[in-house]
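The following note comments on a single structure, point by point. Please keep the sequence and the model in view while reading.

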Amino acid sequence: MANVNIDGTDYDVDSLSEKAKTNIASLQFVKQQIARLSNEIAVYKTSEVAYSTALKSEIESIDS
């Protein structure tokens, strides 16, 4: 007996229509994908900073 909370109200998933259950599954999938992509973006942003720092260091060593 799983519950889902929508706008502050708990609903028993077993009592929902099949279409509602399908929408819940789709929503869960999308949320997981957003979380995965957010983590990926964090990795890319970290890499961007590292590459930028390395580039600045390299340019400064050439100018010296």
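**Notes on the hairpin and the helix**

1. Val-4 has Tyr-11, a residue of strand 2, as its bridge partner. This pair belongs to a set of 4 bridges between strand 1 (residues 3-6) and strand 2 (residues 9-12). The two strands run antiparallel. Ile-6 is also part of the pairing, and its bridge partner in strand 2 is Thr-9. Strands are counted as paired if DSSP finds at least two bridges between them.

2. The model is a predicted one, in which local features need pLDDT of at least 70 and side-chain atom pairs count only at pLDDT 80 or more, whereas totals for chains, interfaces and linings use all residues. Residues are numbered from 1 along each chain as its sequence is written, and side-chain values use heavy atoms, with hydrogens and water left out.

3. How high is the average pLDDT of the protein? The average is 95, and 98% of the residues score at least 70. (pLDDT is the predictor's confidence in each residue, from 0 to 100.) Among the elements, helix 1 (residues 18-63) has the highest mean, 96. Strand 1 has the lowest mean, 93.

4. The protein contains 1 helix and 2 strands. Read from the N terminus, the order of these elements is β-β-α. (Helices, H or I with at least four residues, and strands, E with at least two, are DSSP runs numbered from the N terminus.)

5. The turn of the hairpin deserves a comment. There are 2 residues between strand 1 and strand 2 in this hairpin, and Asp-7 is located in the loop that joins the two strands. Most residues other than glycine have a negative phi. With a relative accessibility of 79%, Asp-7 counts as exposed. (Buried means under 20% relative accessible area, exposed over 50%, and partly exposed in between, using a 1.4 Å probe and protein chains only.)

6. How many salt bridges does the structure hold? There are 2. (A salt bridge is a side-chain nitrogen of Lys or Arg within 4 Å of a carboxyl oxygen of Asp or Glu.)

7. One of the salt bridges joins the side chains of Lys-21 and Glu-18, with 3.5 Å from N to O. Lys-21 and Glu-18 are separated by about one helical turn, because they are 3 residues apart in helix 1. Lys-21 is partly exposed at 25% relative accessibility, whereas Glu-18 is exposed at 56%.

8. The side chains of Arg-36 and Glu-40 also meet in a salt bridge, with 2.9 Å from N to O. Both residues lie in helix 1, and their spacing of 4 residues is about one turn of the helix. Arg-36 has a relative accessibility of 42%, so it counts as partly exposed. Glu-40, at 29%, counts as partly exposed too.

9. Val-30 is found in helix 1, where its relative accessibility of 41% makes it partly exposed. Leu-37 is placed in helix 1 as well. Its relative accessible area is 41%, and Leu-37 is therefore partly exposed.

10. How far is Leu-37 from Ile-6 in space, C-alpha to C-alpha? The distance is 24 Å, and the two residues are 31 residues apart in sequence.

11. The overall dimensions complete the picture. The C-alpha trace spans about 70 × 20 × 15 Å along its principal axes. The protein has a radius of gyration of 23 Å, whereas a compact globule of 64 residues would have one near 11 Å. (The radius is taken over C-alpha atoms, and the globule rule is 2.2 Å times the number of residues to the power 0.38.) Of the 64 residues in the protein, 5% are buried.
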